[in-house]
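Work through the exercises below with the model open. Try each task before you read its solution.

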Amino acid sequence: MKQLTLGFIGLGLIGGSIAKALKAACPEISIIAYDINGSTLALAMEEGIADRISSSIDASFSACDYIFLCAPVSKNDENLKVLKQFLTPSCTLTDVGSVKGDIHRHIEEAGLSGQFIGGHPMAGSERFGYINSKAILLENAYYILTPPPCVSEKRVEDFRQLVTAMGAIPLVLNDEQHDYVTAAVSHLPHIIASSLVNLVKDSDSKDGIMKMIAAGGFKDITRIASSSPDMWQQICLTNTGNIASLLEDYVEALIRIKEQLYKKDAQFLYRFFDEARIYRDSFIETSSGPIKKSYSLTIDIADEAGALASIATMLALNNISIKNIGIVHNRELEEGALRIEFYEEAAIQTAREILKSRGYVIYEKK
Ligand SMILES: NC(=O)c1ccc[n+]([C@@H]2O[C@H](COP(=O)([O-])OP(=O)(O)OC[C@H]3O[C@@H](n4cnc5c(N)ncnc54)[C@H](O)[C@@H]3O)[C@@H](O)[C@H]2O)c1
Ligand SMILES: O=C(O)C(=O)C[C@]1(C(=O)O)C=C[C@@H](O)C=C1
C-alpha cells in the first residue's frame, strides 16, 4: 500500500481502534489526529499511533488521503463545517457513525458527496475512549460502506482495500438499507437490553436479591446496557423511524407471547423457543462473521487480599491484555473463582501456561 496520510477527527474507541489496526498493518502510514481531549492525543503520540497531533482542525489535514470523522455524531456536523475549507478533492472523507442517513444528508448539503464514503464498523464495546481502543476490535468484523451513487468505483475499491488492511470485512450497502438493518440487529437490541435492566432494577427487592443472583443469561443479554448513554441517545434521535417501526413489531410479538403464556399454549411456546434456537445457532456457523470467539478461562483463587491484583500484575508483566476480569459468584466451587477474558487466542494460550506454572487450577468451557 502506498504511503498514505490519514487524518482522524476524534480518536476514541473506534477512531483509536482503526488507527491502531492500520498502523499495525502498514507502519509506513502517517497519522494526523485531532481530538478535544488533549491527553488522548498525548497518549496516541507516546504510543506511536499518531505521527502528528493538532490542537484544532486546520490546514495540516490538507495533506490527508483519507479523513475519518470519529467524534460523536452530533459533533461530526460541526467539525465538517470547519474541515471543508481544508479538504483537497483527492481526499476521501469517511465517518464511523452508527446511523448513516443524517451524515449523508449533511454531506450532500455541503456538496461533498463525490468524495464521501460512509463507514460503519460492526464492532464495538460497551467501553469508550482511546484508552479502550484495540486493533483487534475490528478483526473479522463486517465494516459497512455506504458510498453515495456518484462516488467513483475506484474510490470505493481503494477504500475497500484499506478496510481489508484493518482486518475487517468490507460490505457495501446504501444508507437506507444500512439504517434499517442496523436498527434491527444493533439499535433495537440496545433498547431491549436497557429496558430489561431497568425492569429488574424496578422489580428488585430492597436487599437487591435479583441483582445478586443474576447469572450468565441475564449478563449475556444485558452487557450492552453498560454502553455510553450519549451515543445511544444520539442513535435513537437520528434513526428514529426505523427503530420505532421495529419496536412496534417487537411489542406486538411480546404481546402475542404474553397471550399464549396465559393460555399455557405448550405448542406455541415450544415453537417459539425452537425457531429462535435454530436461527441463532445458524449465526455461529458463519465463522468469519462478527461474532467473535470468547477467549476466557476461570481459575480458583484464594479468598485473601491482593489475590486478584497479583494475577493481574503477573499477566501484565507478560504483556497480556485483559479484556474483562471478575469474580464469579454463580458456581459450585468452594473457594472464590475468577473469570478472565482475553482478546485473542495467543494471549489465552500464554496466560494458561503462566497460570499453570504457578499452580493455579484452570477451568475452561469446551
Ligand atoms: N462504541 C461502539 O461500539 C461503536 C461501534 C461502531 C461505531 N460507533 C460510532 O463511532 C462514533 C464514535 O464512537 P466511539 O465509541 O469511538 O466514542 P468515544 O467516546 O470512544 O470516542 C469519541 C471521541 O471523540 C472525541 N470528541 C468529542 N467531541 C469532539 C469534537 N467536538 N471534536 C473532536 N473530537 C471530539 C472524544 O474526546 C473521544 O475521544 C459514534 O458516532 C458511534 O456511533 C461506535
Ligand atoms: O459489542 C458491542 O458492545 C456493541 O454494541 C457494538 C455495536 C453493536 O450493536 O453490535 C454497537 C454499535 C455500533 O454501531 C456497532 C456495533
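A residue is buried if 20 or more other C-beta atoms lie within 10 Å of its own, exposed if 12 or fewer, and partly exposed in between, with C-beta atoms placed from the backbone. Helices (H or I, at least four residues) and strands (E, at least two) are DSSP runs numbered from the N terminus. The model is predicted: local features need pLDDT of at least 70, side-chain atom pairs count only at pLDDT 80 or more, and totals for chains, interfaces and linings use all residues. Residues are numbered from 1 along each chain as its sequence is written, while chains are lettered from A and ligands numbered from 1 in the order in which they are written.

**Exercise 1. Find how many residues of β6 are buried, and on which faces.**

Step 1. Count. Six of the six residues of β6 are buried.

Step 2. Phe116, Gly118 and His120 cover one face. Ile117, Gly119 and Pro121 cover the other.

Step 3. Recall the pattern. In a regular strand, side chains alternate between the two faces of the sheet.

**Exercise 2. Work out how β6 pairs with β5 and β7.**

Step 1. Strands pair if DSSP finds at least two bridges between them.

Step 2. Take β5 (residues 92-95). It pairs with β6 in the parallel sense, over two bridges. Leucine 93 stands opposite phenylalanine 116.

Step 3. From β5 the chain passes through helix α4 (residues 101-109) to β6, a right-handed β-α-β crossover. Right-handed means that, with the strands pointing away from the viewer, the path from the first strand over the helix to the second runs clockwise.

Step 4. Turn to β7. It runs antiparallel to β6, joined by four bridges. Here proline 121 faces tyrosine 143.

**Exercise 3. Explain why alanine 135 counts as buried, and list its contacts.**

Step 1. Locate it. Alanine 135 is in the loop between β6 (116-121) and β7 (142-146).

Step 2. Apply the cut-off. Alanine 135 counts as buried because it has 20 C-beta neighbours inside 10 Å.

Step 3. List contacts, meaning C-beta atoms, placed from the backbone, within 7 Å. Leaving out residues up to four places away in sequence, alanine 135 touches Ser17, Lys20, Ala21 and Ala24.

Step 4. Check one pair. The C-alpha atoms of alanine 135 and alanine 21 are separated by 4.1 Å, though the two are 114 residues apart along the chain.

Technical notes: Two residues are in contact if their C-beta atoms, placed from the backbone, lie within 7 Å.
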